[in-house]
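Take a look first, then work through the points below.

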Amino acid sequence: MKLVSENRAFGGTHSRYTHQSDTVNCEMTFAVFLPPFATKENPVPVLYWLSGLTCTDENFMQKAGAMKLAAQLGMAIVAPDTSPRGEQVADEDSYDMGKGAGFYLNATQAPWDKHYQMYDYITKELPALIEDTFPVTGERAISGHSMGGHGALVIALRNPQQYVSVSAFSPVSNPTNCPWGQQAFSKYLGDDTSLWQEYDAAVLLSREQHYIPIMVEQGRADQFLTEQLKPEALISNAQKTDTQITLNMHEGYDHSYFFIASFIDEHLQFHAANLGLI
Ligand SMILES: N[C@@H](CCC(=O)N[C@@H](CSC=O)C(=O)NCC(=O)O)C(=O)O
């Protein structure tokens, strides 16, 4: 693992690292914020943040304004990149496919399957590395935005024993039923739509009752709301299985990090409460 940069922030430390990933078969970058007083003797829980299309590990840390409250709460934040990277990694010219658009799944189709194994990277390799290296406990929460909101919901619903709570901003809620998801799933996963279902939060909610606390934030002025995001599918499918889910709708807010920054404190408090920090 190689340290790329380190900055003091709110009494804690924001650092960026690269490492060679066996799972995605290339060098990966992630950012980690450690609150003040996090030590081996006083390890802290971790909030994993999954970003959206076109993002890297940097967008959330620079734009969301999360570090001040995370420092006060005693919560670490880990922000991975959104896809494998490098010359040898398959890509397309469009912003919603290939690099920056890994959709947090395990691709089964060539040429994508060689590197695009983001589901395993986020659920297995990255937390193992983080917990081996930094003064953190094994307690985890997960959140994300848009494509990353989809990733956070799917990962938590499929692995409820690994996360105490999940939240999402403007998630791609029903990807089997929107253009972003249909394009990505057909190329990464092929024609077998039964596999697509495993990466669709609305479908997962419809199958059985889920007990993990779930909170979703959505702006009504979001330019992607009707065509791509469809949060109503989360609510209607959760009702079918008696799963509790909170969806907060906000007049006038769009899809940007201005929206995330406006409500990130509520999400940090939500996760802190579930992590037993408050
Ligand atoms: N066409 C746009 C789309 C890119 C965009 O809006 N990306 C969002 C996430 S969208 C869903 O996953 C984002 O978070 N952008 C980064 C940011 O810092 O705002 C484009 O290419 O710009």
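Let's start with helix α4, which is mostly covered: 11 of its 12 residues are buried. Keep in mind that you're looking at a predicted model. Its chain averages a pLDDT of 98, with 100% of the residues scoring at least 70, and the model comes with an ipTM of 0.95 and a pTM of 0.98.

**Helix α4**

- α4 takes in residues 147-158 and reaches 17 Å from its first C-alpha to its last, which is close to the 16 Å expected at 1.5 Å a residue.
- Among the buried residues of α4 are Met-147, His-150, Val-154 and Leu-157.
- The elements covering the buried part of α4 include the strands β4 (44-50), β6 (136-145) and β7 (166-169), along with the helices α3 (118-133) and α7 (201-207).

**The annotated active site**

- According to UniProt, in an unreviewed entry, the "active site" annotation covers Ser-146, Asp-222 and His-255.
- These residues are spread over 110 residues of sequence, yet they cluster in space, with a largest C-alpha distance of 10.8 Å.
- Asp-222 sits in the loop between β8 (214-219) and α8 (225-229).
- Asp-222 counts as buried because it has 21 C-beta neighbours inside 10 Å, where the cut-off for buried is 20 or more.
- Setting aside neighbours within four places in sequence, Asp-222 is in contact with Ser-170, Leu-229, Asp-254 and His-255.
- His-255 belongs to another loop, the one between β9 (246-250) and α10 (257-274).
- His-255 has 21 C-beta neighbours inside 10 Å, so this residue counts as buried.
- With neighbours within four places in sequence left out again, the contacts of His-255 include Ser-146 and Asp-222, as well as Ser-170 and Phe-224.

**Around the ligand**

- There are 13 residues surrounding the ligand, and the closest are Gly-52, Leu-53, Tyr-95, Ser-146 and Met-147.
- By type, that shell divides into 5 nonpolar, 7 polar and 1 charged.

**A look at Ser-236**

- Ser-236 lies in helix α9, which runs over residues 232-240.
- Is Ser-236 buried or partly exposed? Ser-236 counts as partly exposed, because 14 C-beta neighbours fall inside 10 Å.
- Ser-236 and Leu-205 are 31 residues apart in sequence, and their C-alpha atoms are 9.2 Å apart in space.

Definitions and conventions: Residues are numbered from 1 along each chain as its sequence is written. This is a predicted model: local features need pLDDT of at least 70, side-chain atom pairs count only at pLDDT 80 or more; totals for chains, interfaces and linings use all residues. UniProt positions are given in the numbering used here, feature names are shortened, and annotations may be inferred rather than shown by experiment. Helices (H or I, at least four residues) and strands (E, at least two) are DSSP runs, numbered from the N terminus. Two residues are in contact if their C-beta atoms, placed from the backbone, lie within 7 Å. A residue is near a molecule or strand if its C-beta atom, placed from the backbone, lies within 6 Å of it. Ala, Val, Leu, Ile, Met, Phe, Trp, Tyr, Cys and Pro count as nonpolar, Asp, Glu, Lys and Arg as charged, and the others, Gly among them, as polar. pLDDT is the predictor's confidence in each residue, from 0 to 100. The expected span of a helix is 1.5 Å times one less than its number of residues.
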